[in-house]
Each structure stands twice: as structure tokens, then as C-alpha cells.
Amino acid sequence: MGFFNRLQESLTKTRRGLVEKIDHLVHRHKSIDEELYEELEELLIQADVGVNTALELVEVARRVVRERRVADAGELKAILKEQIGIMLDDGRSSINFNREAPTVIVVLGVNGVGKTTTIGKLAYLLKSEGKKVILGAADTFRAAAIEQLESWANRVGVELIKHQEGADPAAVAFDSLQAARARRADVLLIDTAGRLHTKSNLMEELRKISRVLDREMPGAPHEVLLVLDATTGQNAINQAQQFSAAAGVTGIALTKLDGSARGGVVIGVNQALSIPVKLIGIGEEPGDLRPFNAKEFVDALFPG
Ligand SMILES: Nc1nc2c(ncn2[C@@H]2O[C@H](COP(=O)(O)OP(=O)(O)O)[C@@H](O)[C@H]2O)c(=O)[nH]1
Ligand SMILES: [Mg+2]
């Protein structure tokens, strides 16, 4: 099965919670009135697009309906599909590759969202594009975290730079960058811890990693990817707010869209912080990560 079909399948629950409800709504109403807009707003909020984004979408729908003199409620679905596509397609959804190698990508996020797995899958994706990839194991909090990344490195066939458990993550980042340069790697992917004793501690550690990288290679990291778990809905948006305030997030990798009923969060996350979603994860296998494409996403969500 191709990625598009699997994406479509992985959005089944989200489609049920959003698109099929829109279908029912417009069938019940036939004509477009105030009550319809109110129900639409509620339905969007329930589908995890977030309150502000829901309000914004309904506003946009109203404007389009007025401008195009739409009378039939049945046309509302196509308008929403179109406008969600426009919202998501902000032209910044691809990974920032630096002109000078290596491109340094730091991966952040709370425990369990899928950072390490996303790095493994991203290494696989980049390698399949002919790029030389190195991984840096800067989540030194637990030995198991280093081993997990190492097993991905072996599985995908890329090199890993690691220190002992408990080592300074910034030192691992520094050594990884040295190694990436020495071996002429195209991309360095750095894993980080999701939890320390306190949150301010974690944020300080992440800032230190960035400082050390920038000192070694001005401009690095070129991408700070925040990993968010799509099954956590509004929580994901809260995490995005916290991390982006502290760590200069440049893009989002949204994982676990497979089996999530909360795929609407893609729209909310993108809008709430104006940080583009760059990657989406739909499973645990190496091939289950894909650059985010707004058109592909809305086509999978709103088939037909
Ligand atoms: N179904 C599914 N599971 C995922 C996805 N990404 C990660 N996982 C699983 O989520 C769990 C936590 O992932 P991990 O990479 O260890 O998270 P980390 O703590 O942020 O590094 C693991 O069991 C992964 O296999 C995804 O896109 N889909
Ligand atoms: Mg991890």
C-alpha cells in the first residue's frame, strides 16, 4: 500500500470525527444559516482544531459563502476543505537544509511523544534520498534511551555518536558535530531528553545544546524540530507553546496520526503558533514518516 493510502487509512478516526459530522450537518440543514455556523464551530472545536482556529475557519467560511453567493449547505464541505488546505499550506513546510554541510537538526519534545523513533525514521528517509546521516545521542538521561537510538542507527545503517549515560548532552552535541564534519555527513540528527528534574532545567539544557552548536558552526542548529503526539490533542498545542517560547522551534513533527481520532490537531498546531508542521508519522516502521504536504493531507482527510 502506498503512503497516501496508508495516510488516508490512518486518518479514518479523524475523518469520522470531523468530515462525516460535517456531512451530517449539511444534510440536516440544507440552507446556510446562523444555526449551521454555530454547530459547525462546535464540531470543529470537538475535532481538536482548537477554539481560535475553529472560530477563524468559520469566519473564513462565512466570507467565502458571502463572496461566492453560495446558498446550498452541501457546498460548505468543499469550501472547508479548500480553506483548511490554504491554512496548512504556508510555504514553509519543508526541512531547512543548510547550504554548507552538515545540516544540523535538533529534535525536542516531552517523553514518549516519539522523538527517538522519528529520528530513526527521518534517518531512513534522508538516507533513501542519498544523504549521509549521523545521529547524536544527546538524550543521556537513561542508558535505554541511548540503546534505543543505537538500535535505530543499526537498523537504518547510519553512524551514531554517543557518550555514557548521564554525560553532558551539550558535549555529545559538540562531538556529534565534529564527527559529522570530519565524516562529511550531510545531516546531523540530535536526539534530546524529554524530562529532567524540573522543566526549567530541561529548557536550559536545550538552550545550552543550541549555544554550543552555534559556537562551533554559526547558524546551527538549522532546524529545531518539536515532536508532538497527535493523540494528545490540545495538550500537544500546550507543549508547542512551552517549547517554542524556550527553545526557538522551527518546525513540528506530528507523530502517531495512525489510530488518532485527533488529527484535527494538525490544523490547530499550525495556526496557534504559526510553526509549520514539517513531518508526519503514521506508524513505527522506518517508512512511516513523510514530509508534510498540505494538499495530500486534506485530500486524505476529505476524500471524493
Ligand atoms: N503508532 C505509532 N507509534 C509511534 C509513532 N512514533 C512513535 N511511536 C511509538 O511511541 C513510543 C515512544 O516513542 P519514542 O521514540 O521512544 O519517544 P521519545 O520518548 O519521545 O523518544 C514508541 O513505542 C514508538 O514506537 C507513530 O508515528 N505511530
Ligand atoms: Mg527517546
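Q: What supplies the largest share of the shell around ligand 1?
A: Helix H7 (residues 115–128) supplies the largest share, four residues. Helices are DSSP runs of H or I with at least four residues, and strands are runs of E with at least two, both numbered from the N terminus. This is a predicted model, in which local features need pLDDT of at least 70 and side-chain atom pairs count only at pLDDT 80 or more, while totals for chains, interfaces and linings use all residues. Residues are numbered from 1 along each chain as its sequence is written, chains are lettered from A and ligands numbered from 1 in the order in which they are written, and side-chain values use heavy atoms, leaving out hydrogens and water.

Q: How many residues surround ligand 1, and which are the closest?
A: A residue is near a molecule if one of its heavy atoms lies within 4 Å of it. There are 17 residues around ligand 1, the closest being Gly112, Lys115, Thr117, Asp258 and Glu284.

Q: Why is H3 called roughly antiparallel to H4?
A: Axes are lines fitted to C-alpha atoms, for helices over the stretch in contact, and angles between N-to-C directions run from 0 to 180 degrees. Angles under 35 degrees count as roughly parallel, over 145 as roughly antiparallel, 65 to 115 as roughly perpendicular and the rest as oblique. H3 and helix H4 (residues 34–46) pack at about 170°, with axes 11 Å apart, so H3 is roughly antiparallel to H4.

Q: Which residues of H3 and H4 meet?
A: Contact means heavy atoms within 4.5 Å. Lys21, Ile22, Leu25, Arg28 and His29 in H3 meet Glu35, Leu36, Glu39, Leu40 and Leu43 in H4.

Q: What is the state of the peptide bond from Ala101 to Pro102, and what is its omega?
A: The bond is cis, with omega near -5°. Most peptide bonds are trans. Pro102 lies in the loop between H6 and strand S1 (103–108).
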